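Reader: I have a model to go through before I set anything up. Can you take me through it?

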Amino acid sequence: MKIYVCVKHVPDTAANIRPLGGTAFDETVKFIMNPYDEYALEQALRIRESGSGAEVIAVTVGKEVATSTLRTALAMGADRSILVKTDAYFTDSVETGRLLYRAISLDGFPDLILTGRQSVDTEGMQIPYRLGVLFDMPVAVNVVTFSMVEGRVTVEREIEADVREVIEMTTPCVVGAAKGLNQPRCPTLPDMMKAKKKEIRVIPQADLGFPPPIPTVELLGLQAAPDRGRGTILEGDPEKMVRELLRLLREEAGVL
Amino acid sequence: MARIGVLIEAKGGEVKKTTLGALAAARRDPGEVYALLPEPNAEACHGVLRQYGADRIVTIRTPEADISPFPDVQAAALAAAIDRFQLDALLGVSGQAGRDLLARIASIAGAPLVLDCLDIDFPSGTVRKSHFSGKTTATLRLNGRPWILGIRPNIFPEKIDPRHGDIVLYEAPVPTSKRLVIREVKQGSSGGPDVSEAEIIISGGRAVGSAENFRILKECASVLGAAVGASRAAVDAGFASHALQVGQTGKTVSPRLYIACGISGSVQHFAGMKTAKVIVAVNNDLDAPIFQKCDYGLLGDLFEVVPALTRALAPAQAK
Ligand SMILES: Cc1cc2nc3c(=O)[nH]c(=O)nc-3n(C[C@H](O)[C@H](O)[C@H](O)COP(=O)(O)OP(=O)(O)OC[C@H]3O[C@@H](n4cnc5c(N)ncnc54)[C@H](O)[C@@H]3O)c2cc1C
Ligand SMILES: Nc1ncnc2c1ncn2[C@@H]1O[C@H](COP(=O)(O)O)[C@@H](O)[C@H]1O
């Protein structure tokens, strides 16, 4: 049994992102594994440890530096990993889906593909669905519980606050993990040492065929989002503050 | 553009308010607007759709009568409708449900997809959306048709714009596929409006202190007609269900009014709510970062301010 986990190398969510004109941004910030992908990887490791003896393979599409996220995946417990090496930071979702599909297909037959529910850098929210069509597998995303019994996967997926769909799928399938699915493990120092010996196979993007000349969704530019600045601060007696707030919300802001 | 489809979401036979915003977004293009609507809820919705700008109302029928448990079949039927009516774009609401269906449709059609759009410019074929959790805004151009676009709920206000709304019945020739089935929809206990599409949200942070104390927020929410949200610290401490979490790893919301109570204003929390029209912060620390990026700040103890707000809004119930 082979489980492929798609992991993305992204800036730390606390990092300050500084656009540098065009599509460039200051890439010297701290990078991490996309937080949702940690839940996906943890789930794969649990399936392996529950006696299925699955092989867990982490796959990423990114620049050479993305190997550090693969190292993290290997330290958490992935058996081996694949880097599809690109030159640019941004790759559009259709192309990323195609590259993941090609890289995984070259490697083996997936019994399960796990991803995060979205990447926190480009917020595309679509790779698992693209993979589903390319591999011809059913897909469920935003998954918060998972079980697999005799070739059938049952998951719960959150659709609204406190509303969940219980979904049953045949395997192989694609599952997009959300927060709450599990508690991802933290690798220890010995884990990190062991990870150094595990395989990172590097495939240059061009080896997987050429992308179309113009991306389906083309990033034209990045701008810093404006902050709203310091607000009007009210203080003093709660009753008076609240009365003043309601007046402001009604008369100045017009939202009540 | 020429023909723009809008994916209509209905609940209990009524068109969702956020969906009317999608119609208004589509109407910014001079072309024809097609409201696409899976059959069961169809009739009751026609009047509203006409009033809010639908030139045509396409009722979709499939060989399997009830396809609600089969998202793959729904997506295939909608992808077929895009083909049949030669739509140049399909717009929907990027809530949890719309997002799933739009992504399935785009994948089947091999079409460009941008979810959670903050703005759409039809003439240039560009859209804007958040990158890096709201810290930057990206401008994206869609190449090739059809464009599949999900708009962030509440970004586009609905607009009355009466049209003919001719009814067209479309029988989608899609095979049934049962490899993915929704077995059950589990309703949670909270019962209030969904935080991701709510127009007013009152959220509590770590300072709320306990699940029991969240009651004061719920009381205020009920007089405000608001949904209750929470910070991750409050969720991790078990004060609130994780479904209520707003932020980077929770829901992205864009209400008209967001009231943050006992929330410090971390970047990850802001990632989920910074496009709210108006942000109010209640905090007892003048140095709390949230005061630097809100519209109105109330310096005080949330345990005094929130009940005072509830009383002020419901004077009759105060005694
Ligand atoms: C990868 C990652 C993802 C994350 N995702 C999210 C996310 O989705 N959502 C999220 O919210 N956070 C997220 N976080 C966590 C985030 O960094 C903060 O830790 C969290 O938002 C803090 O929650 P808080 O504001 O409730 O708590 P605190 O930061 O502890 O703030 C509590 C505030 O309450 C005030 N206060 C105390 N007592 C009172 C009182 N009686 N009355 C009024 N005010 C009072 C204090 O002055 C303080 O400002 C994430 C972090 C990481 C690393
Ligand atoms: N470049 C990438 N390399 C590997 N996995 C990716 C990449 N981009 C997206 N994914 C996976 O797809 C999920 C959803 O991403 P997205 O559609 O970009 O929001 C992520 O959580 C990852 O698991």
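Author: One term to begin with: pLDDT is the predictor's confidence in each residue, on a scale from 0 to 100. This is a predicted model, in which local features need pLDDT of at least 70, side-chain atom pairs count only at pLDDT 80 or more, and totals for chains, interfaces and linings use all residues. Residues are numbered from 1 along each chain as its sequence is written, chains are lettered from A and ligands numbered from 1 in the order in which they are written, and side-chain values use heavy atoms, with hydrogens and water left out.

Reader: What is the mean pLDDT of chain B?

Author: The mean for chain B is 93, and 96% of its residues reach 70 or more. The model as a whole scores ipTM 0.92 and pTM 0.91.

Reader: Ligands next. Where does ligand 1 lie?

Author: Ligand 1 lies between chains A and B. It is surrounded by 27 residues, and the closest are Arg206(B), Ser231(B), Thr249(B), Ser264(B) and Gln268(B). Surrounding here means a heavy atom within 4 Å of the ligand.

Reader: Which residues have a polar atom by an oxygen atom of ligand 1?

Author: Among them is Ser266(B), with a side-chain N or O atom 2.9 Å from a ligand 1 oxygen. Backbone polar atoms do it too: that of Gln248(B) is 3.1 Å from an oxygen of ligand 1, and that of Gly262(B) is 3.2 Å from one. The cut-off for a polar contact is a pair of N or O atoms within 3.5 Å; within protein, one must be able to donate a hydrogen and the other to accept it, and residues adjacent in sequence count only if both atoms are side-chain atoms.

Reader: How much of ligand 1 does the protein bury?

Author: The protein buries 77% of the 990 Å² that ligand 1 exposes when taken alone. Those areas are Shrake-Rupley values with a 1.4 Å probe; for residues, only the protein chains shown count as cover.

Reader: And what is the shell around ligand 1 by class?

Author: It has 7 nonpolar, 16 polar and 4 charged residues. Ala, Val, Leu, Ile, Met, Phe, Trp, Tyr, Cys and Pro count as nonpolar, Asp, Glu, Lys and Arg as charged, and the others, Gly among them, as polar.

Reader: Now ligand 2. Which residues are closest?

Author: Cys6(A), Asp37(A), Ser119(A), Met125(A) and Gln126(A) are the closest of the 19 residues around ligand 2. A polar side-chain atom of Asp37(A) is 2.5 Å from a ligand 2 oxygen, and a backbone polar atom of Gln126(A) is 2.8 Å from one. The protein covers 98% of the 480 Å² of accessible area that ligand 2 has on its own.

Reader: Which element gives the largest share of that shell?

Author: β4(A), with 3 residues. Strands are DSSP runs of E, at least two residues, and helices are runs of H or I, at least four, numbered from the N terminus.
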